[in-house]
Amino acid sequence: VSGTFAMPARGEISLFDAIALAGGLKYPLDLGAVQILRASGGSEVIDANGYLFEKGQDPDRVLIRPGDTVFFPPAREIGIFVLGMVNRPGLHRVHGPTSGMQALALADNMKFGAVLDDARLVRGFPSTPEVFRVNFEKVLEGDPDENLMMNDGDVLYVPESVGSDVLDTLNRAMQPFSSALPMAAKSSQLYSASQIQR
């Protein structure tokens, strides 16, 4: 909810309380880049993910004062591809980076015969493709480090057999999209879902 709200008598309020005063947050938002414009001059950008969701956080660590403006930017929509042995293969639009398991769910999970312990995440396709193995069997067993995060233009491929030539398959399947894939997809830095949560 946006608007102007009355401050309490003490003259400041925690970001927690300011959000409650405004009626809560409307998703999707980019909580990693919340901007506070200070009435006294200047501004600061904070990552509100840890502040809002990690245990033991001091609610008064981020204080809002009279005249301050808090801006929650909308999450940027990105496109990820899920191909192979899934029920809904193709391009899926998501708000910000998403985990491989979330991407698999968007594609309506896997078909019978899918090799979950030999999936591939491809980044930088088609110009500088890098291929990373993803073992969804381990993810299902509770290993979050195998649950790699996907960025704009990343491709998740679930094979029907071990050792499938993923790049050859993608060259054929992704031909209609190759010219539209984002240049940003060339970044090879990978994080798991557990690393994002820390």
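Trainee: What makes strand 6 and strand 12 (residues 155-158) a pair, and in which sense do they run, parallel or antiparallel?

Mentor: In this predicted model, the two strands share four bridges, in the parallel sense. Two strands count as paired once there are at least two bridges between them, so four is enough for the name. One of those contacts puts Val-82 across from Leu-156, its bridge partner in strand 12.

Trainee: How do you know that strand 6 pairs with strand 7 (residues 90-95)?

Mentor: Same test! Six bridges link them, in the antiparallel sense, and the cut-off is at least two, so they pair. Phe-81 sits opposite Leu-91 of strand 7, and a hairpin of five residues takes the chain from strand 6 to strand 7.

Trainee: Why is strand 6 (residues 77-84) called largely enclosed?

Mentor: Buried means under 20% relative accessible area. Six of its eight residues are buried, so the rest of the structure largely encloses strand 6.

Trainee: Which residues have the most contacts inside the largest nonpolar core?

Mentor: Leu-104, Phe-136, Leu-156 and Val-158, in a core of 20 residues. Strand 6, helix 3 (100-106), strand 9 (119-123), helix 4 (136-140) and strand 12 each give at least two residues to this core. Strand 6 has the largest share, with three.

Trainee: What is Leu-104 in contact with, leaving aside neighbours within four places in sequence?

Mentor: Its partners include Phe-136, Leu-156 and Val-158, plus Val-86 and Met-110. There's also a second, separate core of 15 residues, with Ala-18, Ile-19, Leu-29 and Val-34 among them.

Key: Residues are numbered from 1 along each chain as its sequence is written. This is a predicted model: local features need pLDDT of at least 70, side-chain atom pairs count only at pLDDT 80 or more; totals for chains, interfaces and linings use all residues. Side-chain values use heavy atoms; hydrogens and water are left out. Buried means under 20% relative accessible area, exposed over 50%, partly exposed in between (1.4 Å probe, protein chains only). A nonpolar core is a set of buried Ala, Val, Leu, Ile, Met, Phe, Trp, Tyr and Cys residues joined through side-chain atoms within 4.5 Å. Contact means heavy atoms within 4.5 Å.
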